[in-house]
Amino acid sequence: MSSSALIMKETRPGYLYVKPKSICIKPDEWEKSILRLDQNEFIKAYKEKIQDQIKSHGLNLRLAKLSDIEPVYDFIMTRFNKEYIDDVSKYDLFRFIEYGHGLIVEDSRMKILGCLFEVGYEKIWKISYSLRLGIDETLMGKGLGKLLTVYSCLLAMERGSHLKIGLISIHNLASLHIHVNQVGWLVDKFYHDLDSLGLSFEFSLPLTPEGLIRNRIDPDKVQGYLEENIEGVDYLLIDYDDVGKIKAVYNNGKFKIAAIITKDYKGDKPQFLALPVEMLYAD
């Protein structure tokens, strides 16, 4: 292989995946219209829509300031499980706000009811790393987690980031559902030996207009996909608590989790739907 071909292979955007249309939500007319825009106009239009959606709930979305460190720290303390409290520090919040971005959702009295932070890294590609998504329990079911996540993606795209990455407990099904199903992330890695963090997934989303629009899961289509395809060949179903099988799947490397099934296809237990890697990545 020539040196130029080797460079092209190593720098090829391997983060670009596309979930099959057979399990994804079809873009609506507004989404189709913004996909025809250039990226800057796409970002502008999508940000404005999210801002309007949040305002419709009587809430305000804004960027975090250094003066938010104390109140947002107190808010995070109420939203995270005790075992993760030690992972949150005011120093980190300072770092995220100064060198990444923080998003704050507040009510008319400026009470913080939601947050999300990120910080940027640069490896082969520019990475935007998401952290500390928290939504007040009074806002559950209103889609605020999805809106904050997408807005953070748009800000990262503005800055020139190529890829969103996050780390999440495999037991956090609510957040997995938001990221993997509602926004379109893909589970890339499984960490079973991070003693301080527990069992965790690393997942990602390509920061392109198509990545944000075309990878969201349609639960009804998923059921049809399961009925029409062959388990073990076209897909794997993994019980959410089957750590041994999750480990085996990611050690093998032939499948990746692309959707969360909140109720078992044949029962009540949540499951992960994994698809063949060759189906997800274009040549």
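**Sheet, backbone and cysteines**

Analyst: Ile238 has Phe272 of S10 as its bridge partner. This is a predicted model: local features need pLDDT of at least 70, side-chain atom pairs count only at pLDDT 80 or more, and totals for chains, interfaces and linings use all residues. Residues are numbered from 1 along each chain as its sequence is written, and side-chain values use heavy atoms, with hydrogens and water left out.

User: How many bridges join S8 to strand S10?

Analyst: Strands here are DSSP E runs of at least two residues, and helices are H or I runs of at least four, both numbered from the N terminus. Two strands pair if DSSP finds at least two bridges between them. S8 and S10 (residues 271-276) run antiparallel, and the number of bridges joining them is 4.

User: Which strands stand at the edges of this sheet?

Analyst: The sheet is open, has 3 strands and pairs antiparallel in the order S8-S10-S9. Each edge strand has a single partner, so one side of each is left without a neighbour in the sheet. The edge strands are S8 (236-239) and S9 (255-261).

User: What angle does the direction of helix H10 make with that of S8?

Analyst: Axes are lines fitted to C-alpha atoms, for helices over the stretch in contact, and angles run from 0 to 180 degrees between N-to-C directions. Contact means heavy atoms within 4.5 Å. H10 (residues 243-252) packs on the sheet and touches S8, S9 and S10. Its direction and that of S8 make an angle of about 140 degrees.

User: Is Met110, with its positive phi, buried or exposed?

Analyst: Met110 is not a glycine, yet its phi is about 65 degrees. The residue lies in the loop between strand S2 (100-106) and strand S3 (112-122). Buried means under 20% relative accessible area, exposed over 50%, and partly exposed in between (1.4 Å probe, protein chains only). At 62% relative accessibility, Met110 counts as exposed.

User: Is Arg132 buried or exposed?

Analyst: Arg132 lies in strand S4 (residues 126-135). Its phi is also positive, near 60 degrees. With a relative accessible area of 17%, Arg132 is buried.

User: How many disulfides does the structure hold, and which cysteine sulfur is nearest to that of Cys115?

Analyst: A disulfide is a pair of cysteine sulfur atoms within 2.5 Å. The structure holds 0 disulfides. Cys115 is in none, and the nearest cysteine sulfur, 16 Å away, is that of Cys153.
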